[in-house]
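Hi,

Here is the structure I said I'd pass on.

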Amino acid sequence: MSADTPASPDDDLDPEAVADLQARIDALETEVSDLRTEVDDGGSQKMVIIATKGTLDMAYPPLILASTAAAFGYDVTVFHTFWGLEILHEENSKNLQLSSVGNPNMPVPNAIAALPGMDRMTTRMMRTKIEDNDVASVEELIETSIASGVELQACQMTIDLLGYDEDDFYDGVTTGVGAASAFQDMVDADIQLLV
Amino acid sequence: MSTETAAETLDVTGQNCPMPVIKTKGAFDGIAAGEVLEVVATDSGSVSDIAGWAESTDGAELVDQEEATEGGRDVYKHYVRKTE
């Protein structure tokens, strides 16, 4: 470093450039503080579940996870489409069946499981087990979920496809929603599950 | 819990997962800051579930958990304080 170096580097700075830089710093600081506020305000986390199955065993996971996440303070949406709609159908939800065929956990081989009446029998066995083990019914879980602020949505396209009416569903179920709103919810969500 | 008295007791005996946690959250919302909620459950899974819920929930502090046999069945008691 030579002795000719100016004592103060400020001497070389164009006041206009300094002002520009200061303005840029101010703008960035405002932007950072806005982002901080946005992150803090959006404190509530989101979970979206897409429920596509309508058998008795597959009705439980989405409803249990949804109501539990709500207890953890999550904003939860469950979008029910195709056979997942049966879970929200007030009448059909009380009569969900197990499939005995193709389920290796069933106590009977497939050839016997395919006989008429077998699904009804295994479903009855399962329902008895559910009651004996103090496990809530599907209806109870739906009511609990809605009371906990879970948004249960019924896919409008599937409602039309299966010939259902909006009144067929539990009170509090949202109808008139489609894939776009489900997708939008998923984009914003911290957890997205397909069941 | 020897030194503190619960402001409210929630009975979730005879209810299995996920009901104990969901009802705990509901009852917890109803107590005031500083108060303790007692939860009585028969679901053995409630021990880790309620501990995990309290840990993840702002303003909830797990004070104590007890296990006892009452009326021939195992009972799990949880004490959660509202800190804010």
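This is a predicted model: local features need pLDDT of at least 70, side-chain atom pairs count only at pLDDT 80 or more; totals for chains, interfaces and linings use all residues.

The contact between the two chains takes 12 residues from chain B and 14 residues from chain A, where contact means heavy atoms within 4.5 Å. Residues are numbered from 1 along each chain as its sequence is written, chains are lettered from A and ligands numbered from 1 in the order written, and side-chain values use heavy atoms, leaving out hydrogens and water.

Back to the interface: chain B and chain A bury about 1000 Å² between them, 68% of it on carbon and sulfur atoms (buried area is the accessible area, 1.4 Å probe, that two parts lose on being put together, summed over both). There are 3 residue pairs in polar contact between the chains, both residues at pLDDT 80 or more. A polar contact is a pair of N or O atoms within 3.5 Å; within protein, one must be able to donate a hydrogen and the other to accept it, and residues adjacent in sequence count only if both atoms are side-chain atoms.

Then there's S100(A), in the loop between helix 3 and helix 4 (110-113) of chain A (helices are DSSP runs of H or I, at least four residues, numbered from the N terminus). Its side chain makes polar contacts with the side chains of D119(A) at 2.8 Å and T122(A) at 2.7 Å.

Cheers

Methods: Helices (H or I, at least four residues) and strands (E, at least two) are DSSP runs, numbered from the N terminus.
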